Amino acid sequence: MILGIDIGGSTTKITGFHDNKIISPMIVRATDPVSSLYGAFGKFINENRLRLSDISRVMVTGVGASYLNERIYQIPTGKVAEFYAIGMGGLFLSGLSKAVVVSMGTGTAFVRAEKNGNVKHLGGTGVGGGTLLGLSNIMLNIRHFDDLIGMAGGGNLENIDLFIKDITKEEIVGLPPELTASNFGKISDLASKNDIALGIVNLVFQTIGVMSIFAARIDGTEDIVLTGNLTNVPQSREIFDGLSKIHPERFHIPEHAEYATALGAAIAYASGGIYTEIG
């Protein structure tokens, strides 16, 4: 079995890869990247009742991978560039041969990937999960992600956003009346905390969605694969579905999307891709 590990700033994701299948993906939270790496490794081994000898290779990626300078428990270990891992993981999970893969984490990265291993970083935006929590903290005094998402579930954007129907009575070809003209452009004195929470969520995901569409359009690609922790936000699917109604590009949120980068690290080795040996 090959292990793919994505070492982030606050979370580490790990998954097994064997017989061309993703196995037992899981996540560990820790402030120290090395501690979270070994914590994730130990948790995976324990929960799957494995021995060290069952692991043939460990592949790491992510910002925390820079702290790793030696093999993990003397198992052959390699380091994969994060953008390469994002692209390969997104393609595998979606089953596509070419796509713009979007990694939605604290910020957001846009990667064009092809099944032959050709991966290119198209750019990114600072708008992401960090934006959600930062605005939530300032505007609502809410510091926990789950609390914000739960609060947004009871919100009404009619009290927050300015829609096309609010600024014109005439039909505009290609622009539905309920389309957002300005995020937070019509915030009402009667807006509740639930409304504001939903407005924050809508702002972040509409921004990511539109930038994804622009990246795909410039690249000449119609398929967009969404990955990362933010794919678990319930409101995100409705927002991306709304964008799909007015743009020809297609959004895909595959199963296990939050583990795409960790999986991509394992696939980099399994497919003979690009990586650097450690130790």
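Is helix H8 largely enclosed by the rest of the structure or left open, and how many of the 11 residues of H8 are buried? Before selecting anything, note that this is a predicted model, in which local features need pLDDT of at least 70 and side-chain atom pairs count only at pLDDT 80 or more, while totals for chains, interfaces and linings use all residues. Residues are numbered from 1 along each chain as its sequence is written, and side-chain values use heavy atoms, with hydrogens and water left out.

**Stop 1: helix H8.** Select residues 260-270, which form H8; helices (H or I, at least four residues) and strands (E, at least two) are DSSP runs, numbered from the N terminus. Nine of the 11 residues of H8 are buried, so this helix is largely enclosed by the rest of the structure; buried means under 20% relative accessible area, exposed over 50% and partly exposed in between, with a 1.4 Å probe and protein chains only. The buried residues are Ala260, Thr261, Ala262, Leu263, Gly264, Ala265, Ala266, Ile267 and Ala268. After H8 comes Gly272, with a positive phi near 75°.

**Stop 2: the open sheet.** Now display the six strands of the open sheet, whose order is E3-E2-E1-E4-E5-E13 with mixed pairing; two strands pair if DSSP finds at least two bridges between them. Strand E3 (21-29) and strand E13 (276-278) stand at the edges with a single partner strand each, so one side of each is left without a neighbour in the sheet. From one strand to the next the twist averages 25°.

**Stop 3: Asn20.** In the loop between E2 and E3, select Asn20, a residue other than glycine whose phi is positive, near 65°. Asn20 is exposed, with a relative accessible area of 54%.

**Stop 4: H3 and H4.** Move to helix H3 (residues 129-140) and helix H4 (residues 145-152), whose axes come within 10 Å and cross at roughly 70°. That makes H3 roughly perpendicular to H4, a term for angles of 65 to 115 degrees. Leu132, Leu133, Ser136 and Leu140 of H3 meet Phe145, Leu148 and Met151 of H4.

**Stop 5: the largest nonpolar core.** A nonpolar core is a set of buried Ala, Val, Leu, Ile, Met, Phe, Trp, Tyr and Cys residues joined through side-chain atoms within 4.5 Å. Of the 34 residues in the largest one, Val102, Met104, Leu132, Leu140, Val201 and Phe205 touch the most other members. Strand E6 (98-104), H3, H4, helix H6 (193-219), strand E11 (223-227) and helix H7 (234-244) each supply at least two residues of this core, and the largest share, 11 residues, comes from H6.

Terms used. Axes are lines fitted to C-alpha atoms, for helices over the stretch in contact, and angles run from 0 to 180 degrees between N-to-C directions. Angles under 35 degrees count as roughly parallel, over 145 as roughly antiparallel, 65 to 115 as roughly perpendicular and the rest as oblique. Contact means heavy atoms within 4.5 Å.
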